[in-house]
Amino acid sequence: MGKRVKVVIYGDTLLLAALRASLVSYSGLDVVAVENPLADERAVCGLEPDVVIVDIAAVQPASLYLLGAMLPNLLLVGVDVATSQVQVWSSQQLPAISTDDLVALIGQRKEAMGQSLIS
């Protein structure tokens, strides 16, 4: 069996409770709830999650930035029930890069979205 993906549900909203109840049925996921949205981010990091899911309406942006900085390979997923959208942030950190490297990185993202950087 492959490595299970550790998913932390970060918050105590009804939306997150419903997501947790649904996600636990997936065999490849190890789902953990941190129901206190004011919990210290270090406690969340101690769980060593691969993914953290938050309710955008109930989390402070500073918490997201701090989690991303503390866990360089973390996938942050924000769910917004008001707009029926999911926002995904990568906390991927790169060493200092040149402007050319930055443009190449942006181009890779645009290509993944099916768009060309160069018109």
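Author: Let us start with a term for surface exposure. A residue is buried under 20% relative accessible area, exposed over 50%, and partly exposed in between (1.4 Å probe, protein chains only). The model is predicted, so to speak of local features requires pLDDT of at least 70, side-chain atom pairs count only at pLDDT 80 or more, and totals for chains, interfaces and linings use all residues. Residues are numbered from 1 along each chain as its sequence is written, and side-chain values use heavy atoms, with hydrogens and water left out.

Reader: What percentage of the residues of the protein count as buried?

Author: Of its 119 residues, 29% count as buried. The accessible surface, computed by the Shrake-Rupley method with a 1.4 Å probe, where for residues only the protein chains shown count as cover, comes to about 8,000 Å². Carbon and sulfur atoms hold 57% of that surface.

Reader: How many helices and strands are there in the protein, and in what order do the elements run?

Author: Helices (H or I, at least four residues) and strands (E, at least two) are DSSP runs, numbered from the N terminus. The protein has four helices and five strands, and from the N terminus on they follow the order β-α-β-α-β-α-β-β-α.

Reader: Which residues have the most contacts inside the largest nonpolar core?

Author: A nonpolar core is a set of buried Ala, Val, Leu, Ile, Met, Phe, Trp, Tyr and Cys residues joined through side-chain atoms within 4.5 Å. The largest one here has 13 residues, and Tyr10, Val44, Val52 and Leu67 have the most contacts inside it. At least two of its residues come from each of β1 (5–10), α2 (41–46), β3 (51–55) and α3 (61–70).

Reader: With which residues is Leu67 in contact, leaving aside its neighbours within four places in sequence?

Author: Contact means heavy atoms within 4.5 Å. With those neighbours left aside, Leu67 touches Tyr10, Glu41, Val44, Cys45, Val52, Leu74 and Leu76. For the protein as a whole, 54% of the contacts with a separation of 6 or more are between residues 24 or more positions apart.

Reader: Which residues of α3 are buried, and where do they fall around the helix axis?

Author: The buried residues in α3 are Ser63, Leu64, Leu67 and Gly68. The arc to consider is that of the directions from the helix axis to the C-beta atoms. Seen down the axis of α3, its buried residues fall within an arc of 130°, so they line one face of the helix. These residues pack against β1, α2, β3, β4 and β5. On the face turned away from the buried side, α3 carries the exposed residues Ala62, Tyr65 and Ala69.

Reader: How many salt bridges does the structure hold, and which residue forms one with Lys3?

Author: A salt bridge is a side-chain nitrogen of Lys or Arg within 4 Å of a carboxyl oxygen of Asp or Glu. The structure holds one: Lys3 pairs with Asp50, and their closest N and O atoms are 3.0 Å apart. The pair links distant parts of the chain, 47 residues apart, with Lys3 in the segment before β1 and Asp50 in the loop between α2 and β3. Lys3 is exposed, at a relative accessible area of 67%, whereas Asp50 is partly exposed, at 27%.

Reader: What is the phi of Glu48, and is this residue buried or exposed?

Author: Glu48 is not a glycine, yet its phi is positive, about 55°. The residue sits in the loop between α2 and β3 and is exposed, at 62% relative accessibility. Ser84 also is a residue other than glycine with a positive phi, near 55°. Its place is the loop between β4 (75–80) and β5 (85–90), and Ser84 is exposed, with a relative accessible area of 68%.

Reader: Which residues make the nonpolar surface patch?

Author: Patches are made of residues with over 30% relative accessible area and no salt bridge: like charges are joined within 9 Å, and nonpolar side chains (Val, Leu, Ile, Met, Phe, Trp, Tyr) within 5 Å. Here Ile97, Leu102, Leu105 and Ile106 make a nonpolar patch of about 300 Å². Leu102 belongs to helix α4 (residues 99–112) and is partly exposed, at 42% relative accessibility.
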